[in-house]
Amino acid sequence: MLRITRGGRAGLTLVELMIVVVLLGIVGAGIVSVMLRQQKFVRGTTDLIATRQQIREIAAVLPADLRGISSVGGDIYTMSDSAIEFRSTFGGSVVCVTNVAATWVSTPPITLVRGSTFTSWSGVPQTNDSVLIYDNGATTKAADDSWQRYALAAVAVQNGSATYCPTTSGLVQAADITPLNKMYQFLLTPAPLSATISVGAAIRFFRRVHYRLYQAADGNWYLGYFMCRNGQSPVCNAVQPIGGPFNAYASPAAGTSGVQFSYFDSTGTALDPTVAANRAAVARIRLVVRGTGQSLGSLSGMGFQTFKDSLMVDVGLRNRL
Amino acid sequence: MVRILKSEKGMALAMALGALVIIGVLVAGAVWAGTQDYRIAANTVRQTGAEATAELGMNRLLATWQTSWNNGKPIGDTLRRTYTMSYGGTAVVTATRLPNNFWWVASEGQTAGAAASSARRRYGTLWRLNVPDMTLLGAITTQGTIKVTGNVTVNGNDSTPPGWPACGSPTNVAGAAISPTTTASVNGSATVNGNPPVLTTSAAGDSNTYFNYGVTNYQTLAAAATLTIPGGTTLTGIGPVVSSGQCSTTPQTNWGDPNRALAPLPPGPCESYFPIIHVTGDLHVSTGSGQGILLVDGSLVASGTFTFTGVVIARGSLQSTGNGNKFIGSVMAAGVNVSDNSLIAGSSGIHYSCAAVTQVLSSTAYPKQAMQRGWVDLY
């Protein structure tokens with residue numbers, strides 16, 4: 001007969017059981033505590049990274065647009081510590097044929113055998129976009145040079161032909177002129193075109209754009225953007241957030257505003273943005289972007305707190321002279 | 001038979017493993033997020049590096065610009081340069097000549113590293129040759145008294161030297177332009193032609209006419225001189241110097257070659273050399289020929305068979321004597337001293353040439369960014 005003997009082992013006493021439970025509780029609490037800390041750490045890190053990323057995006061996008069401003073050319077329409085409206089150049093080319101009577105100009109093809117990059121844009125110009133064309137003036141002297149402003153009445157993509165860019169212009173070679181190598185024809189308004197706009201004159205395509213720190217319907221503050229074209233309805237698009245959320249607007253003295261613009265002239269003197277005459281003197285724009293995390297986190301061992309970060313970028317205007 | 005239970009089932013190991021897994025996942029998440037942050041930051045650094053490289057490339061081309069390129073290439077032709085930066089980035093700069101003294105420059109900056117881990121950025125700039133806006137009132141313009149005697153020809157009617165490109169909008173100017181406070185005397189068989197032959201104008205008495213040229217001035221041109229010659233120098237035998245088929249610009253007597261080889265002959269090596277010659281005092285020159293801009297801080301004395309094509313500006317006077325001196329283009333003698341009276345004698349000739357002036361001024365100019373909107377982002 002099989003007899004099972006429990007090896008002389010005694011059962012757990014209540015005290016032993018209590019001790020085990022307490023020890024397990026302590027260990028469990030420790031593990032849970034570590035896990036919670038880890039979770040908060042991860043959440044905080046993610047929050048910090050997201051905040052930084054938003055700041056960096058703005059600091060990368062906005063300077064690219066600001067850099068091409070010609071303050072002396074009247075590109076800045078309005079400016080303040082939290083907003084700026086200006087002509088944003090989104091492309092350029094050169095004139096290959098100018099037809100004063102029919103009020104159009106055409107450009108060389110985008111791809112050229114010689115490898116010259118005459119035409120480049122972030123998007124094909126559209127009707128109602130604006131154009132500036134270099135006018136060499138009646139003399140060869142620089143003193144009578146100017147930029148003439150027109151609106152695009154129509155944009156036509158033409159098969160490559162000598163009508164729109166002949167080899168006599170010097171800008172293209174015979175191999176460049178094929179039907180597949182498209183050329184752009186721009187009908188301009190108002191007429192007449194300046195008669196002194198000549199072959200090789202530089203073209204700039206631009207739109208009026210507006211950036212500002214604004215509070216959206218969700219209560220957060222974002223950097224908003226809208227663009228305007230005369231002739232379209234409505235003239236200006238509705239504001240759209242392109243980055244954020246950032247800190248709420250505050251006066252420059254507070255030093256906490258989510259997006260803050262400062263303006264300086266060529267000597268480094270700060271300019272009062274409310275003075276209209278200062279718009280033509282801007283040589284440098286300082287952009288400060290400040291963001292605050294959405295949750296508590298602890299990365300520095302200083303206890304849980306919302307993360308704050310900021311980035312300052314100085315943009316020297318390339319077309320100041 | 002006695003069976004002894006030696007093991008007990010428990011939760012500790014499972015809990016520990018579970019906790020480790022959860023902590024591992026959380027840590028991995030944090031590492032992933034941190035890596036993403038690092039990558040974004042690294043991309044920003046690379047992008048900024050590419051931008052700086054593209055701009056540095058453009059500036060490098062500008063800093064090393066050679067005036068022989070100004071008119072040395074046909075319209076539409078390109079000049080390509082690759083610059084490797086000390087930090088490893090590379091800029092490929094393409095400059096295309098446009099009509100009317102313009103150049104279109106595109107620079108593509110790329111940071112070092114494999115294509116997948118580098119960044120590119122392109123910028124473009126419209127450059128305009130910084131051509132001096134000189135007010136040339138006549139074949140000769142002087143503030144002091146001018147005496148024309150002997151078998152001299154002074155002609156303000158425009159003419160183009162053989163083989164030189166024609167001027168875009170030629171106009172006739174005065175033969176001699178003088179200040180209202182001075183006189184011009186014509187003696188002997190001298191002839192003065194132009195529109196009018198002699199123009200008395202206050203502009204000839206204005207020092208700005210002689211020393212300020214719109215975008216630049218006399219001092220700036222002198223500072224950019226190709227050749228600087230001490231005052232009091234006497235030079236003879238001015239002419240092109242060719243070494244191994246190349247124009248040798250080292251000798252102080254090489255002032256380029258104004259005598260164009262006509263087709264089908266190939267152009268001379270020094271035909272495209274247009275020096276700015278700055279003399280820091282008086283200059284005495286005889287025999288030979290040259291082209292360019294001649295700036296004389298003192299007076300210029302030409303004593304025979306010397307030909308110069310281009311622009312001559314003397315702070316003092318012009319003394320042209322002997323036979324065969326010829327100035328084609330325009331001459332200005334500021335006569336800054338009361339005693340600076342110009343004398344054109346012998347069989348000298350001064351002929352206004354829009355073509356010579358235009359070619360020389362554009363060939364000695366350095367480019368600068370065109371006004372207001374020269375710079376543009378390329379996509």
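Rings of Phe, Tyr and Trp (its six-membered ring) are taken as a pair if their centres lie within 6.5 Å, with planes under 30 degrees apart counted as stacked, over 60 as edge-to-face and the rest as tilted. By this rule, a search of the whole structure gives 23 aromatic pairs over all chains. The structure is a predicted model, in which local features need pLDDT of at least 70 and side-chain atom pairs count only at pLDDT 80 or more, whereas totals for chains, interfaces and linings use all residues. Residues are numbered from 1 along each chain as its sequence is written, chains are lettered from A and ligands numbered from 1 in the order in which they are written, and side-chain values use heavy atoms, with hydrogens and water left out.

**View 1. The aromatic pair of W121(A) and F186(A) is edge-to-face.** The ring centres of W121(A) and F186(A) are 6.3 Å apart and their planes stand at 90°. Because W121(A) belongs to strand 5 (residues 120-121) of chain A and F186(A) to strand 8 (residues 183-189) of chain A, the pair ties together parts that are 65 residues apart in sequence; helices (H or I, at least four residues) and strands (E, at least two) are DSSP runs, numbered from the N terminus. Both W121(A) and F186(A) are buried, a term for under 20% relative accessible area, with exposed meaning over 50% and partly exposed in between (1.4 Å probe, protein chains only). One aromatic cluster is formed by F90(A), W121(A), Y184(A), F186(A) and F205(A).

**View 2. Q260(A) is a buried residue of chain A.** Q260(A), with a relative accessible area of 9%, is placed in strand 12 (residues 259-264) of chain A. Its side chain makes a polar contact with that of R290(A) at 3.2 Å (a pair of N or O atoms within 3.5 Å; within protein, one must be able to donate a hydrogen and the other to accept it, and residues adjacent in sequence count only if both atoms are side-chain atoms). Neighbours within four places in sequence aside, the residues in contact with Q260(A) include D81(A), P252(A), R286(A) and V288(A), where contact means heavy atoms within 4.5 Å.

View 3. When residues up to four places away in sequence are not counted, H210(A) touches A83(A), I84(A), E85(A), G224(A), Y225(A) and F226(A).

**View 4. Chain B meets chain A through 52 residues of chain B and 60 residues of chain A.** The area buried between the two chains is about 4,800 Å², of which carbon and sulfur atoms give 57%; buried area is the accessible area (1.4 Å probe) that two parts lose on being put together, summed over both. In chain B, Q372(B), R373(B) and Y379(B) lose the most area to chain A, together 16% of what that side buries.

**View 5. A salt bridge joins D75(A) and R373(B).** The side chains of D75(A) and R373(B) meet at 2.5 Å, N to O, under a rule that requires a side-chain nitrogen of Lys or Arg within 4 Å of a carboxyl oxygen of Asp or Glu. Across the interface of chain B and chain A, this rule finds four salt bridges.
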